[in-house]
Amino acid sequence: MSTAIIQKDSLDFLTELSKNNNRDWFNNQKDRYIKARDNIIAFADALLAEMNKHDHLETESGKKSVYRIYKDVRFAKDKTPYNTHWSASFKRATKKLRGGYYFRIEPGNSGLVAGFWGPDADDMKRIRQDIDANYPAWRDLLGDKTLVTTFGSLYGEQLGSAPRGYTKDHPAIDLLRYKQFMVRHLFTDEEVLSPDFLFKMNEVFKKMRPFLDFMSEVLTTDANGVDLEG
(Lines give C-alpha, C1' and ligand atoms only; values in the text may rest on other atoms or scores of the structure.)
Protein backbone atom coordinates (compact mmCIF):
# COMPACT_ATOMS: atom_id res chain seq x y z
CA MET A 1 0.00 0.00 0.00
CA SER A 2 1.37 3.42 -0.93
CA THR A 3 2.22 5.89 1.84
CA ALA A 4 0.71 8.83 -0.08
CA ILE A 5 -1.04 11.21 2.31
CA ILE A 6 -3.06 14.41 2.15
CA GLN A 7 -0.83 17.20 3.45
CA LYS A 8 -2.30 19.50 6.11
CA ASP A 9 -1.66 22.59 4.01
CA SER A 10 -3.66 21.10 1.15
CA LEU A 11 -6.66 21.27 3.48
CA ASP A 12 -5.67 24.58 5.11
CA PHE A 13 -5.37 26.18 1.67
CA LEU A 14 -9.03 25.40 1.02
CA THR A 15 -10.09 26.84 4.39
CA GLU A 16 -8.33 30.10 3.60
CA LEU A 17 -9.58 30.13 0.01
CA SER A 18 -13.17 29.90 1.25
CA LYS A 19 -12.56 33.16 3.16
CA ASN A 20 -10.65 34.85 0.33
CA ASN A 21 -12.30 33.59 -2.84
CA ASN A 22 -10.95 36.23 -5.20
CA ARG A 23 -8.30 36.40 -7.91
CA ASP A 24 -5.91 38.73 -6.09
CA TRP A 25 -5.60 36.44 -3.08
CA PHE A 26 -5.36 33.34 -5.27
CA ASN A 27 -2.65 34.82 -7.49
CA ASN A 28 -0.61 35.73 -4.40
CA GLN A 29 -0.96 32.11 -3.23
CA LYS A 30 -0.27 30.50 -6.63
CA ASP A 31 2.86 28.61 -5.53
CA ARG A 32 1.00 27.24 -2.54
CA TYR A 33 -1.91 26.21 -4.77
CA ILE A 34 0.42 24.36 -7.16
CA LYS A 35 2.06 22.47 -4.29
CA ALA A 36 -1.33 21.50 -2.85
CA ARG A 37 -2.68 20.42 -6.25
CA ASP A 38 0.43 18.31 -6.87
CA ASN A 39 -0.21 16.64 -3.51
CA ILE A 40 -3.79 15.78 -4.51
CA ILE A 41 -2.66 14.47 -7.92
CA ALA A 42 -0.01 12.25 -6.29
CA PHE A 43 -2.63 10.97 -3.84
CA ALA A 44 -5.06 10.26 -6.69
CA ASP A 45 -2.32 8.41 -8.60
CA ALA A 46 -1.63 6.18 -5.60
CA LEU A 47 -5.34 5.57 -5.03
CA LEU A 48 -5.87 4.72 -8.70
CA ALA A 49 -3.07 2.14 -8.54
CA GLU A 50 -4.63 0.50 -5.48
CA MET A 51 -8.12 0.46 -6.97
CA ASN A 52 -6.94 -1.14 -10.19
CA LYS A 53 -5.93 -4.13 -8.08
CA HIS A 54 -9.60 -4.89 -7.37
CA ASP A 55 -11.49 -3.14 -10.20
CA HIS A 56 -10.88 -2.26 -13.84
CA LEU A 57 -10.71 1.51 -14.39
CA GLU A 58 -10.18 3.39 -17.63
CA THR A 59 -9.02 6.65 -16.00
CA GLU A 60 -5.43 7.07 -17.16
CA SER A 61 -3.83 8.88 -14.24
CA GLY A 62 -4.38 10.89 -11.10
CA LYS A 63 -3.82 14.08 -13.10
CA LYS A 64 -6.58 13.11 -15.54
CA SER A 65 -8.94 12.37 -12.65
CA VAL A 66 -8.61 15.62 -10.68
CA TYR A 67 -11.09 18.40 -11.45
CA ARG A 68 -10.05 22.00 -12.01
CA ILE A 69 -10.26 24.43 -9.11
CA TYR A 70 -11.39 27.16 -11.49
CA LYS A 71 -15.18 27.50 -11.66
CA ASP A 72 -17.32 28.10 -14.73
CA VAL A 73 -19.44 30.97 -13.45
CA ARG A 74 -21.17 31.92 -16.71
CA PHE A 75 -24.56 30.58 -15.60
CA ALA A 76 -23.99 30.44 -11.83
CA LYS A 77 -25.57 32.67 -9.21
CA ASP A 78 -22.42 32.33 -7.11
CA LYS A 79 -19.76 34.26 -9.02
CA THR A 80 -16.81 33.41 -6.77
CA PRO A 81 -14.09 32.19 -9.18
CA TYR A 82 -12.75 29.11 -7.38
CA ASN A 83 -14.06 25.83 -6.00
CA THR A 84 -13.25 25.41 -2.33
CA HIS A 85 -12.70 21.66 -2.53
CA TRP A 86 -10.46 19.16 -4.29
CA SER A 87 -12.26 16.46 -6.23
CA ALA A 88 -11.55 13.62 -8.63
CA SER A 89 -13.39 10.81 -10.36
CA PHE A 90 -12.50 7.36 -11.70
CA LYS A 91 -14.49 5.71 -14.48
CA ARG A 92 -14.89 1.95 -14.73
CA ALA A 93 -13.66 0.37 -17.95
CA THR A 94 -15.56 -1.60 -20.62
CA LYS A 95 -19.27 -1.39 -21.46
CA LYS A 96 -20.10 -4.06 -18.90
CA LEU A 97 -18.58 -2.28 -15.89
CA ARG A 98 -20.87 0.68 -15.46
CA GLY A 99 -20.71 3.59 -13.03
CA GLY A 100 -17.83 5.43 -11.45
CA TYR A 101 -16.14 6.57 -8.27
CA TYR A 102 -15.76 10.13 -6.97
CA PHE A 103 -13.95 11.68 -4.04
CA ARG A 104 -14.14 15.15 -2.56
CA ILE A 105 -11.71 16.72 -0.11
CA GLU A 106 -13.19 19.75 1.63
CA PRO A 107 -12.79 20.97 5.23
CA GLY A 108 -15.74 19.56 7.15
CA ASN A 109 -17.30 17.93 4.08
CA SER A 110 -15.01 15.23 2.67
CA GLY A 111 -16.38 12.00 1.29
CA LEU A 112 -16.64 9.32 -1.36
CA VAL A 113 -19.48 8.66 -3.77
CA ALA A 114 -20.03 5.86 -6.27
CA GLY A 115 -22.83 5.18 -8.70
CA PHE A 116 -24.79 7.08 -11.31
CA TRP A 117 -24.96 10.88 -11.06
CA GLY A 118 -26.89 11.55 -14.27
CA PRO A 119 -28.38 8.45 -15.91
CA ASP A 120 -29.46 9.13 -19.49
CA ALA A 121 -33.04 8.44 -20.57
CA ASP A 122 -32.35 4.86 -21.70
CA ASP A 123 -30.49 3.98 -18.51
CA MET A 124 -33.20 5.53 -16.35
CA LYS A 125 -35.88 3.59 -18.18
CA ARG A 126 -33.97 0.32 -17.74
CA ILE A 127 -33.31 0.98 -14.04
CA ARG A 128 -36.98 1.68 -13.34
CA GLN A 129 -38.06 -1.37 -15.32
CA ASP A 130 -35.81 -3.51 -13.14
CA ILE A 131 -37.02 -1.90 -9.91
CA ASP A 132 -40.60 -2.52 -11.02
CA ALA A 133 -39.96 -6.18 -11.80
CA ASN A 134 -37.31 -7.07 -9.20
CA TYR A 135 -37.72 -4.72 -6.26
CA PRO A 136 -37.21 -7.52 -3.68
CA ALA A 137 -33.68 -7.95 -5.06
CA TRP A 138 -33.13 -4.19 -4.73
CA ARG A 139 -34.37 -4.34 -1.13
CA ASP A 140 -31.94 -7.17 -0.41
CA LEU A 141 -29.03 -5.23 -1.93
CA LEU A 142 -29.79 -1.95 -0.18
CA GLY A 143 -30.52 -3.74 3.10
CA ASP A 144 -27.17 -5.54 3.17
CA LYS A 145 -25.59 -5.03 6.61
CA THR A 146 -22.22 -3.85 5.28
CA LEU A 147 -23.83 -1.43 2.85
CA VAL A 148 -26.15 0.04 5.47
CA THR A 149 -23.39 0.35 8.07
CA THR A 150 -20.98 2.00 5.62
CA PHE A 151 -23.32 4.11 3.50
CA GLY A 152 -26.74 4.29 5.09
CA SER A 153 -29.46 4.53 2.45
CA LEU A 154 -29.43 5.18 -1.28
CA TYR A 155 -28.22 8.71 -2.05
CA GLY A 156 -29.38 11.07 -4.80
CA GLU A 157 -32.05 13.46 -6.02
CA GLN A 158 -35.66 12.24 -6.15
CA LEU A 159 -38.81 13.19 -7.99
CA GLY A 160 -41.54 14.86 -5.96
CA SER A 161 -44.08 12.28 -7.11
CA ALA A 162 -44.32 9.00 -9.02
CA PRO A 163 -42.51 8.89 -12.38
CA ARG A 164 -44.65 8.64 -15.49
CA GLY A 165 -46.04 5.15 -15.98
CA TYR A 166 -45.96 4.17 -12.30
CA THR A 167 -48.61 4.55 -9.62
CA LYS A 168 -48.11 6.34 -6.31
CA ASP A 169 -49.00 3.16 -4.42
CA HIS A 170 -46.35 1.01 -6.14
CA PRO A 171 -44.62 -1.11 -3.43
CA ALA A 172 -41.24 0.30 -4.53
CA ILE A 173 -42.32 3.90 -5.15
CA ASP A 174 -39.54 5.12 -2.82
CA LEU A 175 -36.95 3.60 -5.18
CA LEU A 176 -38.74 4.53 -8.40
CA ARG A 177 -38.69 8.21 -7.46
CA TYR A 178 -34.88 8.38 -7.53
CA LYS A 179 -33.25 10.32 -10.38
CA GLN A 180 -29.72 9.54 -9.20
CA PHE A 181 -28.48 6.24 -7.82
CA MET A 182 -25.46 6.53 -5.55
CA VAL A 183 -23.96 5.51 -2.24
CA ARG A 184 -21.91 7.91 -0.11
CA HIS A 185 -19.51 7.78 2.82
CA LEU A 186 -18.19 10.84 4.70
CA PHE A 187 -14.86 11.38 6.46
CA THR A 188 -13.77 13.78 9.18
CA ASP A 189 -10.85 16.17 8.65
CA GLU A 190 -8.87 14.10 11.14
CA GLU A 191 -9.39 10.99 9.00
CA VAL A 192 -8.45 12.88 5.83
CA LEU A 193 -5.11 13.88 7.34
CA SER A 194 -4.35 10.48 8.87
CA PRO A 195 -1.44 8.41 7.45
CA ASP A 196 -3.79 5.54 6.58
CA PHE A 197 -6.43 7.62 4.78
CA LEU A 198 -5.53 6.12 1.39
CA PHE A 199 -6.12 2.64 2.85
CA LYS A 200 -9.45 3.73 4.35
CA MET A 201 -10.62 5.24 1.04
CA ASN A 202 -9.65 2.15 -0.89
CA GLU A 203 -11.50 -0.11 1.54
CA VAL A 204 -14.66 2.03 1.33
CA PHE A 205 -14.50 1.98 -2.47
CA LYS A 206 -14.23 -1.82 -2.30
CA LYS A 207 -17.43 -1.92 -0.26
CA MET A 208 -19.17 0.05 -3.02
CA ARG A 209 -18.46 -2.70 -5.55
CA PRO A 210 -21.54 -4.90 -4.88
CA PHE A 211 -23.74 -1.86 -5.59
CA LEU A 212 -21.88 -0.99 -8.80
CA ASP A 213 -21.81 -4.60 -9.98
CA PHE A 214 -25.55 -4.99 -9.33
CA MET A 215 -26.28 -1.81 -11.29
CA SER A 216 -23.93 -2.88 -14.07
CA GLU A 217 -25.84 -6.11 -14.51
CA VAL A 218 -29.15 -4.24 -14.59
CA LEU A 219 -27.89 -1.84 -17.25
CA THR A 220 -26.21 -4.42 -19.49
CA THR A 221 -29.04 -6.97 -19.63
CA ASP A 222 -32.65 -6.66 -20.76
CA ALA A 223 -35.74 -7.45 -18.68
CA ASN A 224 -35.27 -11.13 -19.51
CA GLY A 225 -31.62 -11.19 -18.45
CA VAL A 226 -30.29 -11.27 -22.01
CA ASP A 227 -26.88 -9.61 -22.46
CA LEU A 228 -27.30 -6.28 -24.27
CA GLU A 229 -23.59 -5.79 -24.85
CA GLY A 230 -22.96 -9.00 -26.71
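This is a predicted model: local features need pLDDT of at least 70, side-chain atom pairs count only at pLDDT 80 or more; totals for chains, interfaces and linings use all residues.
**Entry 1**

Of the elements, β3 gives the most, with seven residues.

I also sorted the lining of the largest pocket by class. I noted 15 nonpolar residues, nine polar and nine charged.

**Entry 1: the whole chain**

Next I stepped back to the protein chain. I counted nine helices and four strands. Along the sequence I read the pattern α-α-α-α-β-β-β-α-α-α-β-α-α. I took the box of the C-alpha atoms along the principal axes, and it comes to roughly 60 × 40 × 35 Å.

**Entry 2: α1 and α3**

I turned to helix packing. Helix α1 covers residues 8–19, and helix α3 covers residues 30–51. Their axes come within 9 Å and cross at roughly 130°. The angle lies between 115 and 145 degrees, so I call α1 oblique to α3.

What is the handedness of the crossing of α1 and α3? I logged it as left-handed.

I listed the residues that meet here. From α1 come D9, S10, D12, F13 and E16. From α3 come R32, Y33, A36, N39 and I40. By class, I have four nonpolar, two polar and four charged residues in the contact of α1 with α3.

**Entry 3: α5 and α9**

Then I looked up helix α5 (residues 121–142) and helix α9 (residues 197–220). Their axes are 9 Å apart, and the angle is about 135°. That angle makes α5 oblique to α9. I noted a right-handed crossing for α5 and α9.

Which residues make the contact? On the α5 side I wrote down D123, R126, I127, D130, A137, W138, L141 and L142. On the α9 side I wrote down P210, F211, F214, M215, V218 and L219. I sorted the contact of α5 with α9 into 11 nonpolar residues and three charged ones, with no polar residue.

**Entry 4: α3 and α9**

The axes of α3 and α9 are 10 Å apart, at an angle of about 45°. Why do I call α3 oblique to α9? An angle of about 45° falls between 35 and 65 degrees, so the pair counts as oblique. I noted that α3 passes α9 in a right-handed crossing.

For the contact, I found F43, A46, L47, E50 and M51 in α3. Their partners in α9 are F197, L198, M201, N202 and F205. I counted eight nonpolar residues, one polar and one charged in the contact of α3 with α9.

**Entry 5: looking back**

Notes:
Residues are numbered from 1 along each chain as its sequence is written. Side-chain values use heavy atoms; hydrogens and water are left out. Helices (H or I, at least four residues) and strands (E, at least two) are DSSP runs, numbered from the N terminus. Ala, Val, Leu, Ile, Met, Phe, Trp, Tyr, Cys and Pro count as nonpolar, Asp, Glu, Lys and Arg as charged, and the others, Gly among them, as polar. Axes are lines fitted to C-alpha atoms, for helices over the stretch in contact, and angles run from 0 to 180 degrees between N-to-C directions. A crossing is left-handed if the near helix is turned anticlockwise from the far one by less than a right angle, and right-handed if clockwise. Contact means heavy atoms within 4.5 Å.
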